[in-house]
Amino acid sequence: MSVPYAKLPRWVDYGLIPLINLIVAFIVAGFVVLLVGENPFRAAGILFEGAFGSGQNIAYTLFYATNFIFTGLAVAVAFHCGLFNIGGEGQAYIAGLGVSLVALSFDSTLPWWITFPLAIIAAAVVGALWALIPAYLQAKRGSHIVITTIMFNFIAASIMVYLLVDVLKPPAEQAPQTRSFLEGGQLPKLNFIFESLGMTVRSAPLNISFLLALLMAYLVWLLIWRTKLGYEMRTMGHSPKAARYAGIDEARIIIVTMMISGALAGMMALNPLMGDQHRMALDFVAGAGFVGIAVALMGRSHPAGIIPASILFGMLYQGGAELAFDMPNISRDMIVIIQGLVILFAGALEHMFRPAIQTLFASLSPSSVGLPVAKGKGA
Amino acid sequence: MAEPAIELIGINKSFGAVHANRDIHLAIPRGTIHGIIGENGAGKSTLMSILYGFYQADSGEIRVAGKPTVIHTPNQAIQLGIGMVHQHFMLVPNFTVLENVILGAEGEPLLNASIAKARGELARLEREYGLEVDPDAIVEELPVGLQQRVEILKALYRGADILILDEPTGVLTPAEADHLFRILKQLKDQGKTVVLITHKLREIMAITDNVTVMRQGTVVATRETKKTTVEELAEMMVGRRVLLRVDKGEAKPNAVKLAVRNLTVKDSRGVTMVSDVSFDVRAGEIVGIAGVAGNGQSELLEAISGIRRAESGSVELDGHPIHVTGEADPGELRDRGLAHVPEDRHHVGLVLAFEENENSILGYHDQEEYLNGVFLDIGAILKDARGKIEKYDIRPTNPRLKTANFSGGNQQKIVLAREMEQDPGVLIVGQPTRGVDVGAIEFIHRRLIEMRDLGKAVLLVSVELDEVRSLSDRILVMFAGRIVGERGPDASEGELGLLMAGVHKEAAE
């Protein structure tokens, strides 16, 4: 008597449904804009223009998207193993230590193309180690990973404040930040891409860590769907009992998965530190760890979904900043409301329109939902 | 002729593209026991859910006592005098019987009055129908048979004239089932109408006045029970002739493959579920464990297969110990030739969200033939899956389809194919045909006998007594965590039933 699970064509599942969710989110956001007395269509225009209007703007959008790809992948990897890693924020923050350590140590002696791989390793290792503790506690002591990772965000934040104020800050400096990285600690920009297309980019921070993010997306896909480890992670994620039955070591898989997740979150630190600010300041993660959760939800934990979802949130960040600048009635908080609506409809209410669409497709063409019109012989 | 209690006229119901009920016509005469029989997915439960107001029919008419009605909610159904006893009880385990009976029918904010009223009502129902239950007992402390009685009482307390029972005997011992049938007959004699949904042909023959056979969402036939036979019903259910008897030759037991000694296992709450159990399984025989669900069979299987840690005792596989009290690793046991078809294929034996081919390597995904370094060898896995699909007649035949889209019987075949094709020395099978349609049961039974004849040791646990009797060469009966007796395959059902209920006939035992 269960309602049969109708399989929808992939383009509907991964294209149409997210698109409908997004449109609804924007319609509701439009009403919010209307409520504060602005024209929603003009606001949408400014938002879009601000995000994609020029090479400069696109570069900014992609710069933000880079952060979200890393943190989104981190959340997605853990999701596949049934773990909810809320600690991306803290893992990325603390991984900044690894990046800074490499940059500050070698920026005067080594070229960027040597410090970059070193910094990638350092960021990944520190992020992984920060995720290891909650993972161990979950695997061996049964402490819930949601609680421990969120606590570890606070611990990371406090440690970083201490280190930046008391240890890493150069003596003469007022602001709690490290000294600026020299040339060897700065990543090359990707502005030339836009310039070669005839667009002008003045000072956008888009850098090669964007390419690293894309590479990681591919590697995550490979890991999840093409390796034995990924198979074990997915088994664990769908059914811990089946994993036990299949002889998969629960503790080992939890720890390994969380370390991979932490490493991905940690790599996010490369983008703002070596790619943009060329120093480490307080709170450089700026919520990217949490946006990663929304991105992973919206992207269905699939790299091919996470990249566009990251670009969407990059657009909201970049275009939203422009919007707040252009429309005095719309503050930064309003942008957060719009982001929240997108998260609500794309993540939490993801399946709201699914039954209706399912029925529609079933009546339009039964074969498209993968069901035989007349049921075949039972066995 | 009087108006039928319930009449369904041209009922249609679709879920998406699945036509679950197709033009159903059904009349249930007042004061009769009416059986509805059919395989899983034949549409029995959907039809009853429409009658009880869980679903609305797309088209068609329901008449209760001759009057056309529309039933939108279970509450409306109750007001029309329709009561339902669900397969999975809808009781609050830590409430008393009385509290459960009045739940949802409390009447007023203070419970005193309604409890007093319910107490009187229960006493009356007890007198009239022989439904004895202690009204102050906590429901979770009652045996399953009595819990079911509470469900019946709930329906009657709400004034049910028509009682629908969905697979009511699945959890009962034969004796409890007999008692239930006596109660149902009494209800009938008092003028109530009973609708019995089941897939057990024997029950239909034993108790019903009329029987309706459903297949693929349609009513195949309605017969007077006296004028039909088990064979005819089975044929109508499946749509072809089926072999109800399992043909098998003599067992040729050989060396001991699996030796269980003094095994004691606790469940996750710390309750001892298996205590001091010892037995052997030899190559070339099927040892069946009979028992009512929940008497420790599940825990026994889990301990032997390394999923659950045992408290004490030992298990030897081919003369070498399995670390059942320590870190037994199901993966290592597989390498040593112990294959396991778990009871719960939905959560343990399969990952329903996986593609079929991914499930066909579950547990064996470490083997080199499926791997390419750290990568899965997708080509090899698909080829392997296609081979199993063909050999085990798994349908649909697409190994890339999500496992959730396969029927129960085909899902079970996926598990069986995976475990049997590894050519294990010992095969442990839990509930091999639970939720599996008749056609597939025949196939699965044949494969199990084949495994035996190939010289494998097979340990079979099933709550279907018929299944244990027809497959096993030796039958062990489990009750309250102990093996209370061993019988040959020719032991009578009555004798096994008594053992399953914990009644020892021989004083010597």
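Over how many bridges do strand E11 (residues 256-266) of chain B and E12(B) pair? The tour of this predicted model, in which local features need pLDDT of at least 70, side-chain atom pairs count only at pLDDT 80 or more, and totals for chains, interfaces and linings use all residues, begins there. Residues are numbered from 1 along each chain as its sequence is written, while chains are lettered from A and ligands numbered from 1 in the order in which they are written.

**Chain B: the sheet**

Select E11(B) and E12(B): they pair in the antiparallel sense over 7 bridges (strands pair if DSSP finds at least two bridges between them; strands, E, of at least two residues, and helices, H or I, of at least four, are DSSP runs numbered from the N terminus). Within this pair, Ala259(B) has Asp280(B) of E12(B) as its bridge partner.

**Chain A: two helices**

Next, select helix H3 (residues 55-80) and helix H8 (residues 209-226) of chain A, whose axes come within 9 Å and cross at roughly 20 degrees (axes are lines fitted to C-alpha atoms, for helices over the stretch in contact, and angles run from 0 to 180 degrees between N-to-C directions). H3(A) and H8(A) are therefore roughly parallel to each other (angles under 35 degrees).

Finally, display side chains at the contact (C-beta atoms, placed from the backbone, within 7 Å): Leu62(A), Phe70(A) and Leu73(A) are among the residues from H3(A), and Phe210(A), Met216(A) and Val220(A) among those from H8(A).

Note on methods. Angles under 35 degrees count as roughly parallel, over 145 as roughly antiparallel, 65 to 115 as roughly perpendicular and the rest as oblique. Two residues are in contact if their C-beta atoms, placed from the backbone, lie within 7 Å.
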